[in-house]
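Hi there,

Here is the structure I promised to pass on to you. Have a look at it first, and then read my notes below.

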Amino acid sequence: MTPPSAAAPQAVRNLAVGDLVVGDLVLDEANREAYRDGAEIRLTATEFALLRQLMRNPGRVLSKTLLLDRVWSHTFGPVDRGNVVELYISYLRKKIDAGRPPMIHTRRGMGYVLKPAGRPD
């Protein structure tokens with residue numbers, strides 16, 4: 001019997017059909033769960049919806065307007081429109097990127113992009 005790898009994450013989870021995977025980040029849409037490097041990340045419903053949009057488009061820059069249209073079903077005033085996206089991106093960064101190489105990147109004047117950690121621009 002082969003001993004478990006020292007690099008293996010402590011929480012082992014099998015991938016399911018329909019899971020979204022970008023690098024070491026996994027989104028289980030059926031159970032509404034997220035994992036990075038095997039560790040579960042607790043997300044609110046809005047954070048989950050935002051992360052799902054980013055993970056369905058890895059490496060693609062998504063504008064604030066597109067994210068607002070796809071994640072938020074209600075209307076915000078002109079001042080709040082961009083701020084709500086920035087706010088929830090910051091929440092996701094604190095949970096997804098905390099203590100790890102970043103996956104969520106800002107493209108000034110364009111939007112946000114999710115890509116595997118350590119992947120060059």
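What follows is a walk through the model, from confidence to sheet, helices and hairpin.

**Confidence**

Please keep in mind that this is a predicted model. The protein chain has an average pLDDT of 83, and 75% of the residues reach at least 70. Among the elements of the protein chain, β6 has the highest mean pLDDT, at 97, while helix α3 (residues 80-96) has the lowest, at 88. Residues 1-13 have a pLDDT below 50. In the model this stretch makes seven contacts beyond near neighbours in sequence. Where pLDDT is low, the predicted coordinates should not be read in detail.

**The four-stranded sheet**

Four strands form an open sheet in the order β1-β2-β3-β4, and their pairing is antiparallel. Its edges are β1 (20-22) and β4 (39-41), each of which pairs on one side only. On average, neighbouring strands of the sheet are turned by 25 degrees against each other, ignoring direction. β1 and strand β2 (residues 25-28) run antiparallel and are joined by three bridges. Within this pair, Val 22 of the chain stands opposite Leu 25 in β2.

Asp 24 sits in the loop between β1 and β2. Is Asp 24 buried, exposed or partly exposed? Its relative accessibility is 30%, so Asp 24 counts as partly exposed, since that class lies between the 20% limit for buried and the 50% limit for exposed. Not counting residues up to four places away in sequence, Asp 24 touches Tyr 35, Arg 36, Asp 37 and Met 103. Asp 24 and Met 103 are 79 residues apart along the chain, yet their C-alpha atoms are separated by 9.7 Å.

**Helix α1 and its partners**

Helix α1 lies across β1, β2 and β3 (33-36), and runs at about 120 degrees to β2. There is also a helix partner to look at. Two packed helices are described by the angle between their axes and the distance between the axes. For α1 and helix α2 (residues 64-71), the axes come within 10 Å and cross at roughly 125 degrees. The two helices α1 and α2 are therefore oblique to each other, because 125 degrees falls between the 115 that ends the roughly perpendicular range and the 145 above which angles count as roughly antiparallel. The crossing of α1 past α2 is right-handed. On the α1 side, Thr 46, Ala 49, Leu 50 and Gln 53 make the contact, and on the α2 side, Leu 67, Arg 70 and Val 71.

Leu 50 deserves a look of its own. This residue belongs to helix α1 (residues 45-55). Leu 50 has a relative accessible area of 0% and is therefore buried, as the limit is under 20%. Which residues is Leu 50 in contact with, leaving aside its neighbours within four places in sequence? They are Leu 67, Val 71, Trp 72, Tyr 88, Ile 89 and Leu 92. For Leu 50 and Val 71, 21 residues apart along the chain, the C-alpha atoms are separated by 6.0 Å.

**The hairpin of β5 and β6**

Strands β5 (residues 104-107) and β6 (residues 111-114) pair in the antiparallel sense, over four bridges. Thr 106 stands opposite Tyr 112 in β6. The hairpin has three residues between its strands, and Gly 109 takes a positive phi near 75 degrees there.

Conventions. Residues numbered from 1 in each chain as written. Predicted model: local features only at pLDDT ≥ 70, side-chain atom pairs only at ≥ 80, totals over all residues. Heavy atoms only, no water. Pairing = 2+ DSSP bridges. pLDDT = per-residue confidence, 0-100. Contact = heavy atoms within 4.5 Å. Buried < 20%, exposed > 50% of the residue type's maximum accessible area, 1.4 Å probe, protein only. Axes fitted to C-alpha atoms, helices over the stretch in contact; angles between N-to-C directions. Parallel < 35°, antiparallel > 145°, perpendicular 65-115°, else oblique. Left-handed = near helix turned anticlockwise from the far one by under 90°.
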